[in-house]
Amino acid sequence: MLAGLYCSQHRDFFIMSEPITLNVGGKLYTTSLSTLTSFPDSMLGAMFSGNMPTKRDSQGNCFIDRDGKVFRYILNFLRTSHLDLPEDFQEMGLLRREADFYQVQPLIEALQEKEVELSKAEKNAMLNITLDQRTQTVHFTVREAPQIYSLSSSNMEVFSAHIFSTSCLFLKLLGSRLYYCFNGNLSSISSYLQDPNHLTLDWVATVEGLPEEEYTRQNLKRLWVVPANKQINSFQVFVEEVLKIAMSDGFCVDYSHPHASDFMNNKIIRLIRYK
């Protein structure tokens, strides 16, 4: 006869040798009862030892109304007692809150050690910015009167900045200060951070006579810095504002690299931080 576990509150019967499917926030996981009860003092240990009631979804799976994405790391810890995270893991705060909820104390301690390790690694950092600028002609129509339009053109300054930093936290800070202006709205560039260590910015200066709707139609973004609410219409302003943000975070200019002429011409900027 198979060994089992009976939960009288909801008439649930878990077979020790059979897999259990969990629905965590809509994401399904299949594991074993021994894994779920590997830390008896945890909330999961209490839930699947019959000491706490369980809920079921429409398919009969055990349902937990928590974040389903990060639960994979919690489940892997239950299996191995080891915290395994990808190098570019960006949801430490969420994982810590979930570990607190499930009350897996060894995992909570492992996360605390990991955060100390990451904090030490973040102290020494390098920031490298490569800048490019070109002049481009933009063509647009101007409404002079009802049903009367004229074709016009103007020169437009187009800027690109390729930013690399060994500090993911600094790029997040930078992303919280710089905003794109597009389609009448300001949006943080942090939403454009697809790589935790790299950020590419492309924007234009204000074009004299260009109607506001043309920026949207031609997919032209302008760049602003907050909370100063200043539009960045030149590399000089961009460099000044980035230096303010970087130096407030402990960076200083590395005058040994690049060549002084490149730095003075705002082509390449390198900053370093030692703590």
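Analyst: Let us begin with a term: contact means heavy atoms within 4.5 Å. Please also keep in mind that this is a predicted model.

User: Which residues of α3 and α4 meet?
Analyst: On the α3 side they are F71, Y73 and I74, and on the α4 side they are L95, E98, A99 and Y102.

User: Which residues of α3 are buried?
Analyst: The buried residues of α3 are F71, Y73, I74, L75, F77 and L78.

User: What about the largest nonpolar core, and how many residues does it have?
Analyst: The largest nonpolar core has 33 residues. Those touching the most other members are L22, F48, F71, L83, L95, Y102 and L107. Two or more residues come from each of these elements: β3 (20-24), α1 (33-36), α2 (43-47), β6 (62-64), α3 (71-80), α4 (92-102) and α5 (105-123).

User: Which element gives the largest share?
Analyst: That is α3, which contributes 6 residues to this core.

User: And what does L83 touch?
Analyst: Leaving aside residues up to four places away in sequence, L83 touches F77, L95, L107, A110, L111 and K114. Another core, of 32 residues, lies apart from the largest one, and its members include A161, L171, I232 and F235.

User: Why might nonpolar residues gather like that?
Analyst: In soluble globular proteins, nonpolar side chains tend to be buried together.

User: What is the phi of S81, and where is S81 found?
Analyst: S81 is not a glycine, yet its phi is positive, near 60°. S81 is found in the loop between α3 and α4, just after α3.

User: What about N219?
Analyst: N219 also has a positive phi, of about 55°, although N219 is not a glycine. This residue is in the loop between α7 (212-217) and β12. Because its relative accessibility is 49%, N219 counts as partly exposed.

User: Which peptide bond is cis?
Analyst: The bond from V226 to P227 is cis, with omega near 5°. P227 sits in the loop between β12 (222-225) and β13 (230-231).

User: New topic: where does Y274 lie?
Analyst: Y274 lies in the segment after β15 (268-273). Its relative accessible area is 65%, and Y274 is therefore exposed. The C-alpha atoms of Y274 and F251 are separated by 7.8 Å, with the two residues 23 residues apart along the chain.

User: Finally, how many helices and strands does the chain have?
Analyst: The chain has 9 helices and 15 strands. Of its 275 residues, 41% are buried. Among contacts with a separation of 6 or more, 60% join residues 24 or more positions apart. The accessible surface comes to about 15,500 Å², and 50% of that surface belongs to carbon and sulfur atoms.

Methods. Residues numbered from 1 in each chain as written. Predicted model: local features only at pLDDT ≥ 70, side-chain atom pairs only at ≥ 80, totals over all residues. Heavy atoms only, no water. Core = buried A, V, L, I, M, F, W, Y, C linked by side-chain atoms within 4.5 Å. Buried < 20%, exposed > 50% of the residue type's maximum accessible area, 1.4 Å probe, protein only. Helix = DSSP H or I, 4+ residues; strand = E, 2+ residues; numbered from the N terminus. Areas by Shrake-Rupley, 256 points an atom, 1.4 Å probe, with all protein chains shown as cover.
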